[in-house]
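Reader: I have a model open and want to learn how to read it. Where do we begin?

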Amino acid sequence: MITVEKLSELGCNTAEGLERCFDDEEFYLELVPDAFNDDRYKALDEKVKAKDLAGAFEEAHAIKGVLANLALTPLYDVVSEITELLRAETDTDYSDLLNKMWDIKAKFDALL
């Protein structure tokens, strides 16, 4: 079961996330799973692998926004890095960053 304490232990800035949710812990915890049960992660991965950098940017940017609003910092940091590389249309090997994204996401998924 996901809790504010477990999210904090993973490095999330839960105080900031809660503030954005009017300090309503129940509301915040209702929103958090939606940040991880999103097909956008899969779409991002597929579009990067297909070298569709513009499409991948759209996916990454959307994910980044959700993660930022909920202050899910560890995953936000890696998705933000991916987003900025894609924004610059950087043609590079994204596999390490994508693997890191999936690894961090798995830690969050384990809380759900």
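Author: Begin with a term. Helices here are DSSP runs of at least four residues, numbered from the N terminus. Lys64 is found in one of these, helix H5. Keep in mind that this is a predicted model.

Reader: Is Lys64 buried or exposed?

Author: Buried means under 20% relative accessible area. Lys64 has 15%, so Lys64 counts as buried.

Reader: Which residues is Lys64 in contact with, leaving aside its neighbours within four places in sequence?

Author: They are Tyr76, Val79, Ser80, Thr83, Glu84 and Arg87. Look also at Val78. Lys64 and Val78 are 14 residues apart along the chain, and their C-alpha atoms are separated by 9.1 Å.

Reader: Now for helix pairs. At what angle do the axes of H4 and H5 cross?

Author: Find H4 at residues 40–49 and H5 at residues 53–70. Their axes come within 8 Å and cross at roughly 150°. Angles over 145 degrees count as roughly antiparallel. Therefore H4 is roughly antiparallel to H5. The crossing of the two, H4 and H5, is left-handed.

Reader: Which residues of H4 and H5 meet?

Author: From H4 come Arg40, Tyr41, Ala43, Leu44, Lys47 and Val48. From H5 come Gly55, Ala56, Glu58, Glu59, Ala60, Ala62, Ile63 and Leu67. By type, the residues of this contact are nine nonpolar, one polar and four charged.

Reader: Which residues of H4 are buried?

Author: Tyr41, Ala43, Leu44, Asp45 and Val48 are buried. The buried residues of H4 pack against H5, H6 and H7. Just after H4, look at Lys51, which takes a positive phi of about 65°.

Reader: How many residues are in the largest nonpolar core?

Author: That core has 34 residues. Leu7, Tyr28, Leu44, Leu72, Leu75 and Leu86 touch the most other members. The elements giving two or more residues to this core are H1 (4–9), H3 (25–31), H4, H5, H6 (73–87) and H7 (95–109). H5 gives the largest share, seven residues.

Reader: What is Leu72 in contact with, beyond its neighbours within four places in sequence?

Author: Leu72 is in contact with Leu7, Cys12, Tyr28, Val32, Ala35, Phe36 and Leu67. Find Leu67 again in the contact of H4 with H5.

Conventions:
Residues are numbered from 1 along each chain as its sequence is written. This is a predicted model: local features need pLDDT of at least 70, side-chain atom pairs count only at pLDDT 80 or more; totals for chains, interfaces and linings use all residues. Side-chain values use heavy atoms; hydrogens and water are left out. Axes are lines fitted to C-alpha atoms, for helices over the stretch in contact, and angles run from 0 to 180 degrees between N-to-C directions. Angles under 35 degrees count as roughly parallel, over 145 as roughly antiparallel, 65 to 115 as roughly perpendicular and the rest as oblique. A crossing is left-handed if the near helix is turned anticlockwise from the far one by less than a right angle, and right-handed if clockwise. Contact means heavy atoms within 4.5 Å. Ala, Val, Leu, Ile, Met, Phe, Trp, Tyr, Cys and Pro count as nonpolar, Asp, Glu, Lys and Arg as charged, and the others, Gly among them, as polar. A nonpolar core is a set of buried Ala, Val, Leu, Ile, Met, Phe, Trp, Tyr and Cys residues joined through side-chain atoms within 4.5 Å. Buried means under 20% relative accessible area, exposed over 50%, partly exposed in between (1.4 Å probe, protein chains only).
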